[in-house]
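Me: Got a two-chain model open here and I'd like to talk through a few spots in it. Can you take my questions as they come?

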Amino acid sequence: MRLNLGAKFTLTVLIILAGTMAANTLYFLDTSARFHEQQLVERGRALGRLISLVSPDAILGFDFLLLNDYTREVSSQQDVVYGVIVSPQGLPISSYINASDPLIKKRLEAASSTEIPKLLQNLGGHDKLIQMEFPITQNDVLLGRFLVGISRQSLQSEFRRQLIVQILVMVAIVLFLSAAIHAVFRFNVLFPIRKLIAASRDVGRGQYTLVEAKSADEMGLLTRAFNAMTEEVRQEQAKLHRQANFDTLTGLPNRMMALDRINMEISRARRSVQRFAVFFIDLDNFKSVNDSLGHAVGDELLVATGARVQAILRDSDTVARLGGDEFLVLAPDVANEVQVEEIADRLKKAISEPHDLNGRKVVAHCSIGIALYPDNGQSVETLMANADNAMYQAKGTAQGSAIFFTEEMNTRLHERMQMEQDLNLAIEAGQLALHFQPIFDSSGQHHRGAEVLLRWHHPERGAISPAVFIPLAEATGQIVGIGDWVLEQACRSWSAWHKGGISPGFLAINISRIQFRRRFSKRLAELMSIYGIPPGALELEITESVLLDDHHQVAEELSSLRAAGLTLSLDDFGTGYSSLSYLKRFRFDVLKIDRSFVAGLPNNPDDVLLVKAILAMAKGLDLRVVAEGVENHDQLSFLAAQGCDLVQGYLLARPMKEEDYLSRLKNLQAGVEPLRLSASRNQRTNSTS
Amino acid sequence: MIHVAFEGEPQMEIQSIRDWNRKWRRIAPLLWLIATAAAAPVIQAAEDPLIMGVFPRLNASETTKRYAPLAKLLGERLGRKVTLVTSKDFPSFWNGIDEQRYEIVLYNQYHYIRSAKNYQVIGHNKEFGKSTIAGVLYVRKDSGITDLTQLRGRTVLFGGGEDAMIGYIAPFYMLLQAGLKKEDFISQFAVNPLNSVIGVYRRQADAAGSGDMVVGQPAMAKAVNFDELTALAVSEQLLHLPWAVRRTMPAQLRESIRSILTDFENSAAGKEVLKAAVLTGIGRADDKDYEPHRRMVRAVLGPTLAPR
């Protein structure tokens, strides 16, 4: 049974009161019983002393009638059951028995005068009887004894009566007090508590109701404390709400609130048959700002960008920071795409205005993806995804572009997703394979090694270019597994060739920046140990993008690789941002001149100057140089003349399957296959890095 | 301790326990005497009243209550005031007998025998319709005593002192007749014949000297179960308490008094006063009617008739 607080309290009070009253009643009754018993005893003593005083003359004068009068008078007193005067020998000489007393009634019926001693003996020790004996003397001579028996019957009856009365009084008092205490408790405690409970429920529903504190007692203090707590909760809730819905850096609504706003806008627009636009904004190369100027400046840039965007928007528009360098703008009630484009232009213009951050001029550009409701989606998720997709597409175009979402984007996206799924299965399905493009010295006569190239043969789509699936693998992180597979396959092949008595030279393997983040050097050392690969047999080709990451970690990885004796090659040199600074900061063994510079040789004066400069610089830094994309003899001759160390390209050899390359190696080693410059200028294929 | 005789008075009224105050019992008669003594010269001077004495077997107030109506009616019918005089105790009463202060007197048989020289019996009490009474020796049935001689060496509780006619003299006379002497048994004395019977009933003595009037007494019915007692010996019937007048009283007056007293039971007013005195009548008596009493007294107390 579930008792409420009032019932529990009242029950407790009732039990305590009842216990106390019962104890008090029992004590009172016990005291009363003792008092009355004492009174009976005193009465018996008084009677005994009286009889002892008046009886001697009657006894000496054998005045039995007078003695009978005495005993009769004594015994007629209330509660006296019998009064007997006995001789010193114990023979009764005067007696009076209260025959109506129930205690001895049946005993008396059978008793005669001579049986009085037996009767007294029979009554001896009876708990309802007080029996006393008093000597009757004169001049110290014992004349007889007076025996008196006083019944406790009336005492016990009175005790029972008082017990009943006391119990009734006690019950009445207990009930009255309990009711009174319950009423006071209900008014002073339960009512305020119920108000607090109701207020607590309101707080639970987000309604911060305060309770009026009427008294100054503990309940009043509790109410005030509750109100204070409610206020604290309200403030904390507001704070949490702000934290949950606003970006702490810029103070703009965050992703959650942006989604909520879009959701609300969808409802509103649906009712009013209106259109609205979602702008997905991403700052271009924001990472460079962070890396070069520090995160504090990056944060300042984000804050300033948010403020500018907000400044140029209508009050009804919403600008939110989704995270990182991504912003979202919700522009309700737009008439047409022209108006949307105008908004996008204003956004681009505002964002690309130079910022004065920490004393430095910083210019930021952005890419904007635009999705319209209801044209490009009727749910938050769809609109967000499409705007994001459009922004992604914008990223692939010129800086500061804004692109409307099109269904084609989704198609591409779906294709990309499908390819991602297929790529997951490619290794296990044996769809990936290594191809090898031999590398020669600049004379083109001596084989030095080969660049390892990855090929994916899709069962339905055929050969897929590395330029397509490698960026996808890097974007999805699949490059880690794929790169590891490439490494192991290359090591296994080299080991197998070497064990087969073939000298394969070195193998140049392209390493993705993603691989560098996953303890790459340790894994490579493990593979080299497993397959017995000497350090000089592997050359790791690293693009400048690797060097854009955390300098410290990259430096550590590179140091580890160099310590292991591996050759490090800076791939696609000249196409990056600050190649020279990387050369200064990191230690490489080889530079690979990108094919774009080789293609114009020897006729394009700019390419000539650049290649000469690269070669001169490499000499100065004691770096070997590999030129990619050598496709004709003029290029080869030029490179050889300028002191280029190694060359690769269709002129010398196309990328080939492992078995072909093995066969080529065997022939080269056997000297049966002379250099065959078979490539033509027009035969370009997709090689990868 | 004072032993008093209790003669031939079956209607013993037992004073309540509230009357136990002995002091009051002593002072009350004294106050009465003082009052009557103070009033005597006035009466004598006016009507020359007759003084009527009643032996103090009851207290003065009870005596007055019982006999004052009788004295008044006697005086009215006699044409001469009759004054009731009570005594505080037997010695003072006997002193009044010796000094012949009473013209009319009611006392026990022994008193008459002893005062017969100065007083002449004129009537006797009738109690419960009887004119006579007998002395009885009671024993408990379970005592095994069936013969007077078995009382030899035993305790006999007499109902009154040695001047008690029924409680002592008559029973003692029967013991003497049975061949026992005074020293052959232990004599003890209760205050009256009723208590002697109760004493035997309560096993305080082996035999009780009493009279046949105790049986049927209301007080005895509550105190004694007579089924447990038996009369060991019963004396001859003896005339009840005597009414006597001073021998010096004129014969006409003596006879008038006798006539009035014996005529009470024939009139409503007489019956009223008899009832108040707990009597059924007053019969005529002469000195010869008390010869049996005189014989017993002489046998028990000797020729002096005085207690030993």
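Me: Where does Val273(A) lie?
Reply: Val273(A) is in the loop between α7 (255-272) and β5 (276-283) of chain A. Helices here are DSSP runs of H or I with at least four residues, strands are E runs of at least two, and both are numbered from the N terminus. The model is a predicted one: local features need pLDDT of at least 70, side-chain atom pairs count only at pLDDT 80 or more, and totals for chains, interfaces and linings use all residues. Residues are numbered from 1 along each chain as its sequence is written, while chains are lettered from A and ligands numbered from 1 in the order in which they are written.

Me: What about phi of Val273(A)?
Reply: Phi is near 50° for Val273(A), a positive value in a residue other than glycine.

Me: And is Val273(A) buried or exposed?
Reply: Val273(A) counts as exposed because it has 7 other C-beta atoms within 10 Å. The scheme calls a residue buried if 20 or more other C-beta atoms lie within 10 Å of its own, exposed if 12 or fewer, and partly exposed in between, with C-beta atoms placed from the backbone.

Me: OK, chain B now. What's phi of Val278(B)?
Reply: Phi of Val278(B) is near 55°, a positive value in a residue other than glycine. Val278(B) lies in the loop between α9 (268-276) and β11 (281-284) of chain B. Val278(B) counts as partly exposed, because there are 16 C-beta neighbours inside 10 Å.

Me: Which residues does a cis peptide bond join in chain A?
Reply: One such bond joins Tyr373(A) and Pro374(A), with omega about 0°. Pro374(A) sits in the loop between β10 (366-373) and α11 (380-395) of chain A. Another cis peptide bond joins Leu601(A) and Pro602(A), where omega is about -5°. Pro602(A) is in the loop between α20 (595-598) and α21 (605-620) of chain A.

Me: Why does Asp645(A) count as buried?
Reply: Because Asp645(A) has 20 other C-beta atoms within 10 Å. Asp645(A) is in the loop between α22 (633-641) and β20 (646-647) of chain A.

Me: What is Asp645(A) in contact with, leaving aside neighbours within four places in sequence?
Reply: With those neighbours left aside, Asp645(A) is in contact with Asp441(A), Ser442(A), Arg624(A), Val625(A) and Val626(A). Contact is when the C-beta atoms of two residues, placed from the backbone, lie within 7 Å. Asp645(A) and Ser442(A) are 203 residues apart in sequence, yet 5.5 Å apart in space, C-alpha to C-alpha.

Me: Switching to sheets. What's the order of the four strands in the open sheet of chain A?
Reply: The order is β2-β1-β4-β3 (chain A), with antiparallel pairing. Two strands pair if DSSP finds at least two bridges between them. The edge strands are β2 (92-97) and β3 (129-138) of chain A, each pairing on one side only. β1 (residues 80-86) and β4 (residues 141-151) of chain A pair in the antiparallel sense over six bridges, and Val84(A) has Leu147(A) in β4(A) as its bridge partner.

Me: Which helix packs on that sheet?
Reply: Helix α4 (residues 116-123) of chain A does, touching β1, β2, β3 and β4 of chain A. The direction of α4 makes about 55° with that of β2(A). Axes are lines fitted to C-alpha atoms, for helices over the stretch in contact, and angles run from 0 to 180 degrees between N-to-C directions.

Me: And the five-strand sheet in chain B, what's the order there?
Reply: That open sheet runs β7-β6-β8-β5-β9 (chain B), with mixed pairing. β6 (residues 155-159) of chain B and β7(B) pair in the parallel sense over five bridges. The bridge partner of Leu157(B) in β7(B) is Gln188(B).

Me: Last one: how many residues does each chain put into the contact between them?
Reply: Chain B gives 20 residues and chain A gives 17 residues. On the side of chain B that touches chain A, β7 (186-190), α6 (193-201) and α7 (218-223) of chain B each supply at least two residues. α6(B) gives the most to that side, with five residues.
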